[in-house]
Each structure stands twice: as C-alpha cells, then as structure tokens.
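Please walk through this structure with me as a tutorial dialogue.

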Amino acid sequence: MYSLSYVKAASLADAQKHIAAHPEATLLSGGMTLIPSLKQRLAQPSHVIDIGGLAEIKGIEVRNKALHIGAATKHYDVANSVVVKNVIPSLAALANQIGDPQVRNLGTLGGSVANNDPAADYPAAVLALDATIHTNRRDIRADDYFKGLFTTALEPGEIITGISFPQPIAHRAAYCKFPHPASGYAMTGVYVADAGDAIRVAVTGAGPGVFRWTEAEAALAKSFSAKSIAGLSMKAEGLNADIHASAAYRANLVKVMATRALESLGAV
Amino acid sequence: MQTHAAQHEFTGRREDRRLVTGRGKYTDDWNLPGQLHAVFVRADRAHAILRAVKTDAAMKHPGVVAVVTSRDIAAEGWKNPGTMVSYPGRGKPLQIPHHSMLATERVRYVGEEIAMVVAQTAAVARDAAELVEVDYEDLPVAVDVEAAMKPGAAQLYPDIVNNVCFDYDYGNEAATAQAFKAAHHITRLRAESQRVSGNPMELRGAIAAHDRASDSFDLYVPHQGMTIMRGGLIGIMGLTPDKLRIRAIDVGGGFGPRSGIYAEFPVLLWAAKKLGRPIKWQSTRNEIFMTEFPGRALVLNGELALDRDGKFLAIRMQWTCDQGAYLSGAGPFINTLNAAMTITGCYTIPVAYGRHQLVLTNTVPTTAYRGAGRPDMAYIVERLVDQAATETGIDRIELRRRNAVPKAAFPYKTPCNNVEYDSGDYATLLNEAMSKCDWAGFPARRAASAAKGKLRGIGMGLFVEPAGGGMAPKDQVTLKIDEGGEIVLHAVVQSHGQSHETVYPEIVAQELGIAPERITLAVDDHAGAGMLIGNGVVGSRSTMAHGAAFKVGAIEMIKKGNELAAKKLEAAPEDIEFKDGTYSVKGTDRRVTLLALAKDHTGPGPNPLDSMGEMPLARTFPSGAHVAEVEIDPQTGVTRVLSYVAVDDAGRIINHTIVEGQIHGGIMQGAGQVFGEHVMYDATTGQLLTGSFMDYFMPRAGLLPEIACYERSVPSPTNPLGVKGVGEAGTSGALGTLMNAVVDALRPAGINHFDMPATPARVWEALQAAKQ
C-alpha cells in the first residue's frame, strides 16, 4: 500500500466536501475491491473517504412499493433481511452467494454497484429488476447506469446513496450463478425477472459488463418458461474469453443458467 | 463413517491447543531487537540481459540502509546450491546451471531476485524498491517444455544444449524393446501432469541474524528440516554446520516447496553480517505465486505391452520434465530416481525402461510437491492400465488382478535400479476397495444418472510409492532426562503439519510403558538437536526413520535403567524385569519406576539414563487401492465427486486419526490438481497468468465428499515399528483414481483421453469436440 490519508466521513455532506477538496481521493465503503487493490499497489489515491459507516445511507425498507436498500448496507444484511426475503427473495438469495462470509459482512451494495466489476452479482439484480440508483445528485435508471467494464454513469464526486428495487409480480424472479472455480465471482450469472409489464433477463460475468439478453426477454414475454428459450442460443462474439474459459463456454452458460433460473421458479 | 480411525480413541493433538488459539509462532511472529526490513526487487520479464541495475535513487530514499545487488556479493565466491542427484545420466552427468542468488548478467524468469533493499521499515523498503531502475535487453523466451528442447528454441545457457540439463535413463532398454516387439497389444498414452503451486498458508519469510562474537548466524525460516536448510545454505556460503542455526517453532505448511533453499536466504544472512543488524523479510502472497518453487510440470509418455491373456510384458516411459530456469535441490531427483522406483506400479512386469529428460525453461524452478514424482508415475501407470483394459476388452479390475504382485512374492524386486518393495498385499487392497464402494452396483447407479442426463463414472487407482530414503546416512535421535526428571526428545525434524509433538512421545511412551504426557518433543532447541545426524521431513519418512529411532532409543533407555534399578533394588541385573514403566525384582514386590530412577539421577551433569537411538536409511513401499465415483453435468462440465473410498497399507499404525488425516490431506491435494490447480504462463512472454487466488484454483473442502478410509496394514520389515510412510500416499492414489473415474464417465461420450485439470470449461469443451 502506498502512503495515503484516511478520512472517516461524519456525514454524506462531509464526504462530499472531502471528495470535492481532493481530486485524487477515492470513496471507501466495504473495501472488498479497493483494499486488495491498495495492498497490491494497483491504486494510489491521495485520500480514502470512508462512507461505510454512515447511518443515513444504510438500511432496508419498503418505499412506494419498492424495496429501498441503503448503499452502505452489507451483503450479509441483505441476505438475512426478513423484508428482503418477503419482498424479493431472489435478491436475498443473490446476496447470500456473494464471496464468502467475511466478504458478505464487509462488502456493501453501493460499493459493488459503483465499482461495476463485470463479474459482480449485484449488477445483474439491478438491471433485471429495473432498479433505480439514487445518488447525492439524482436518480439513475439501471438501463442508463451500467456503461461496461468498471464504468458507470456516475460523475466525479457523485455518491450512491441507495437503490430502489421494484417488486416483481408473484415472486417471479430468480438468479442462477455459475461461480468461477478460483475466485467465486460469477463466471456467468443470470437474473430473470417478471415485472408484470416486462420481462428482463440480465447477464453478469459473461461479458465485459452486465447486459440484457433481449432475445430471451422477447421469448419469455410470449411464454414465461424454460421451453421458450430452448431454441435460442447466445452468440459467443463479444463475450469474455480468458485462461479459464472460452467465450463459447460462457455463451453456453448464459443459456444454461437462464434455464435453471426459470426451472427454479417452476417455469419449466 | 465406519472408517478404521473411528474405532480408536483420539484425544487430540498436543500442538492443536496452541495452533487453534492463535498461539502458534510462525516466522513472521518473531522479531529481533534492532531488526531492519528487506524487500526484493524482482525481474518483471522472463528472459533478458541485465544491462544496468541503478540503485542511487533507492539509496537516497529516507530510511534506506542498503541496496544489495550481485556486485556486492560477487566477491564471496558462493557455490551453487547442491542437488540430490549423484548418479549419471545417458552419457553425461547432470549439468547444473550457475545460480548467483541475485541476478548478474541475465534474468531467466519473472520474479527472479535482482536486488535487495534494506530499510528501517518494510514500508520504506517497499517504496524504495520501486526506485531501483533496471535496464533490460529482452531475449526470446522458452516457456513450453516440449518446445524448449527443440533446436531453435531460446537457449537459457550457452553450454546446455537444447536446454536439456539431464538425460536420465534406467532399466533395460534392449530387453524392453524386445518385449514390445513380441507383444500382442501395446497401449500408449501421453498425459500431462500440469504445474501446480504449493502455496502453504504461511508466507515465505525469514529473519537473518549474525552474532559477531562467535561469527555465527541464526536464520528464522519456515522449513522442512534443519539439516536440509542448513546443509543447503552452508554449501552455498562455505560455512561449517556449527556456524548456522536454523530456527522455527511452527511452520504453516511445507508440501515440498519449503524444502527449497531460496535465494533470499543467503543474501539476508550476508547482509545481516555486513550491517551488523538482524534483517527481517516477509513475502507477499503474490511473491509466493511468482517465486515459490511449484511442483509437477511434466509430460508423461507411457507404453504398456501385453500378451494375449492380458499379462503385462513390459512397460516403457519417456518423460519430459520442466525444471524451470535453475535447479532446485530436489527437482532433478524427484523427476528421475524417485519416480523411477515404481515404474512397474503394483504389477509383476518382467522388464522396464524409462528415459526422463530434464529441461530448463524461463519459469520459476520446480521442486518436490507432495508425492514428488511418485503420484505422476502412479498416475501414468494407472491411466495406462485402464486404457489397456478398454482397448483389449478385458475388465479393468480383472486386468489388475491378473498382474498384481502376489502377497507371497514379497520382498519383491522390481526390474529397475535394484528396487525392492518391502511388503504388501495388493489383492486384498483391491478386493476391499471393491466391496466398500459397491463396485458391483455401479451399472445401476450409472443408469440412474443417465436418466437425469448426467454422465457417471467410477475409477480405481491401485498404487505403490517409495517412502523414506534420504541424503544423510542415518537418523539419530536422543531421549534425555531434564532437570525435573521428565523425558525430553530431540530430533532434527521440523513439523509442518505432521503431528510430531504428539506421535513421537506416543511411540516412546508405548515402549517405556508410561503416560505420553510425561514425554515432550523439544522444538526449536538447537543445542539439543543441532548436531544430530539426520534427514528432513520429506519423502514421507519421519515416522519410519526418526520415529523408529525413538523406539530404538527407548529400548536403550530401558537397558540403561536395568543397571540402575539393579543397584537401587540391590539385586543382580539379570533378576530385574521391566514392565509397564516399572523395574521389579523377579518374584518379589521390590520395584522402582523408570521415572523415579530418572528423578533420582537428576543433577548438574548428564543423566545416566540419557539415550540415543539410530536408524540406518531404509525405504518402505506404502500402497493402496482407492475408488472414486463421479458425476458430470454435460451442460456445464461440472464434475461432482460422489464418493471416495481409500483402502491403504501404511504399515503398522501408531495414531489412527493422524494417519487418516494425512490420507485426507493427500487425497485433497491430488483432487486439487485433478479438478483445477494449474500454474499458467503466457507462452510468448513468460509472464505468470495465475498470480493470485483470483486466477489460481485452490481446492476447498466442498470439492470432495466425506472420504471413507480403511486400513489394511501389512507391517514393514524394514524398521522396528513396522510402519510405512503415509504423508504422500493419498496424493499418489488420488490422481489416477479420480482421473480414471472422470475418463470412465466421458468414455460413453466418445472421449478416451482427457488431461488434468478437469475444470468445468475443459470438460465441456471436450464434450463439444466429441460431438463434432
């Protein structure tokens, strides 16, 4: 780790002040990505502004029929929240599959979505559930938020304060993940959700960033069942290929995970 | 689980209270007054000429005390680290490339040590290390081992032609060729045993200290036996054994890599003397991935000749062994003689021949890794047997039965290198494994899996491996009475998970007929153990060697006590008998306990009961029959291990739970290689691609189901305990067993060969290719 200054923000306003004052500063929430990067000297911020403890951006509640989760809420709290389990059980199940117990007890929703790791789990939920990202400046629709590999619509100094997830109809939402054998991240994760007026299928891990599988969405709009996508095949072009797996393998996983998500809902 | 260990009482290991309550003391837990901190500058490319190493900016950095490069140590005239090879190859001996510890005119792998920065704190040293400027002139790289030995490949050393540093052969080449000519059937297989990383939980580190008054050194370091580490370092630095104390209490995993003499150590020792202050160095996990000696890295070509009845006529091996850029001490040995000892596996094969070529590449040097050549040999032999069964149509179990060395044939002399298997009963191992796993019921289980769209497979590995041996001619131990009258044991061993503190006292207690709690194994006691002759904790040897020596020493102590008891009880020595820790005069109630005698004779000098035990070098041949059943999901390529049965002959068992633990660990380490572990380099740049746990698969507990272990012990005649080695047997069994199961699952899909690792992606790709 390079030498840096640590600032524990007293409030959101305080954090904004520090971020504005130090152009080379970075925000710290759970630190599950930032701390390893710092330790390996892959990041060299002048300051880390710790917003992980701010009560004003923590917590889980139902607001306007949507599930609102504060940005600094830990994965463990989402996974074990009775409210989340009642309103969107598949979201609680997703949170319970992130990393390991240590990671789930430190990592936060806002941190994950702000970082937008192409293999993170939460972006699939945000995109499939058509969630809204609330920041200190504005609200951003999921479709406008994710911009590819580690890139988002967030502007310098913009801080995620929470995310609102509309409730799918009749609990028709499921996430199926194929964990990377080494890291445990999503080699491919597919979140299928039926909002009543629209079906969304979001894919994480397989490509350079989370994306919607629109062919599957169209097929499922006709009939919400695994059979509907049986004839589809995801194209390998543009998907990730590395030492662990080919793009063709990931393309196959997209379909298999989507099918299994549907099967888990009884939509065979 | 009705395994054997469950039938025996286990009261825990003595070392566990310390270890599980965070009171273990590892290298990083030591700190010496006035210590400085070191960080190493490493090569960021695989093959390049070093044009300049500029240290001025680093030297000027506040807090930096010294920056050491090869220029500073050149005058010392350090020798090459030794290797364990003392035998010739085909035509010429092993060529050992010079390793100067800090790179001189060239770097040959990513991570090679170039300079050491010493500073007041580790953080300062790390900052300053980035200020060391290295000018390189890139050279072409040799990474793939088979490509590296072809003419035209990049050459690492001008005098090592085609990068082949050793061309070792064994057995009878002509007779084997003759047998192959006469064979009814020949099975051939090329299989890879990919490079894997040891990755002990404890990072590599050291503290070097120099005592000016005695001109001697202390090195605190995680190691696998003080004589290995000391012998290696004094050989490099030209010291005598009394000038270097190797220090450790707890070592967090060894697995072979920690038998290595790493370049950092002599440089740290040298600088500690030069600067007159202790120097501490602690690696990062990234440095472990980059520079800790990995294992395997072999291409195994095997051929098996059979007659019409499926009798094995001959076996032939041709191995290509990736040694990395320099030679580790163990690397050249494990890939030649160590592996060659079991070329015929568990089978009666009249002739055999093997040729193993050791090749240098622009990668980190390889070394012993749990099994150290034996799992690879067991793997290729057992894969060949299954393949031969498929090709000839003879049932794979029947084929093993027809060829297994019969119990009556022991001691069994193999056709190569005068190797003699001490004892065994392979037919019983095989039969037990078959019955415990319900082999007969497999077809129905396979059909049930097929109905769910899954591919089910079952595989057996019947294996034997050598344990023991060593570089020192014998192993000495001492049993001493301390000032409180308790028994203290000394040996040159260093536990890195072997439970020495529990087992050695149990061995002595059993012989002396007293409670093991009255006996303690001394740890980090250089005065007590430092000058004993003995080998390290390698080759699954420490119970059969040091453990047996403790038994010999205990017998000696009883004999010495007999004289003392006779005096005390006023009787003739021949009238004294010893039972359950007590001497008594035959036919009377006059008695004295051994411990009371010990207490009587405590004083300023040595106790007359102090004893030494010795064992000459010996080898045992532990064996086993393992069976695994797997189920493959063809949609994802995921292989699930459904069951694993291990029937092992580890000789007589001292502590059943600890032996079972060793087998579990060995099997899991094998499963890691089978299902995912793989150190990968970029073939064109030599850059390491698996530099962290984000990319390097380590097995997790969920990889295997509960392992069912059974003991079928045939005592070894080579040592008074009757024990055999067990630390590596699980790994030797697991590779062939699990891969035979995987291939068995894949055969119905038209796949008859598959190389490790069986990752989901690789299995899926193979299934897709088979559909074409």
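A: Strand 9 of chain A and strand 10 (residues 186–194) of chain A are paired over 7 bridges in the antiparallel sense. This is a predicted model, in which local features need pLDDT of at least 70, side-chain atom pairs count only at pLDDT 80 or more, and totals for chains, interfaces and linings use all residues. Residues are numbered from 1 along each chain as its sequence is written, chains are lettered from A and ligands numbered from 1 in the order in which they are written, and side-chain values use heavy atoms, with hydrogens and water left out.

Q: What do strand 9 and strand 10 of chain A form?

A: Strands of a sheet pair through backbone hydrogen bonds, either parallel or antiparallel. Strands are DSSP runs (E, at least two residues; helices are H or I, at least four), numbered from the N terminus, and two strands pair if DSSP finds at least two bridges between them. Here strand 9 and strand 10 of chain A form a hairpin with 6 residues between them, and G184(A) in the turn has a positive phi of about 85°. Y175(A) has Y191(A) in strand 10 of chain A as its bridge partner.

Q: Is strand 9 of chain A largely enclosed or left open?

A: A residue is buried under 20% relative accessible area, exposed over 50%, and partly exposed in between (1.4 Å probe, protein chains only). Of the 7 residues of strand 9 (residues 173–179) of chain A, 6 are buried, so this strand is largely enclosed by the rest of the structure.

Q: In what order do the 3 strands of the open sheet in chain A stand?

A: The order is 1-3-2, with parallel pairing. Strand 1 (5–8) and strand 2 (26–28) of chain A stand at the edges with a single partner strand each, so one side of each has no neighbour in the sheet. Strand 1 of chain A is joined to strand 3 (residues 47–50) of chain A by 4 bridges, and S5(A) stands opposite H47(A) in strand 3.

Q: How many salt bridges does the rule find across the interface of chain B and chain A?

A: A salt bridge is a side-chain nitrogen of Lys or Arg within 4 Å of a carboxyl oxygen of Asp or Glu. The rule finds 3 across this interface, one of them between R260(A) and D633(B), whose closest N and O atoms are 2.7 Å apart. The contact (heavy atoms within 4.5 Å) takes 22 residues from chain B and 20 residues from chain A.
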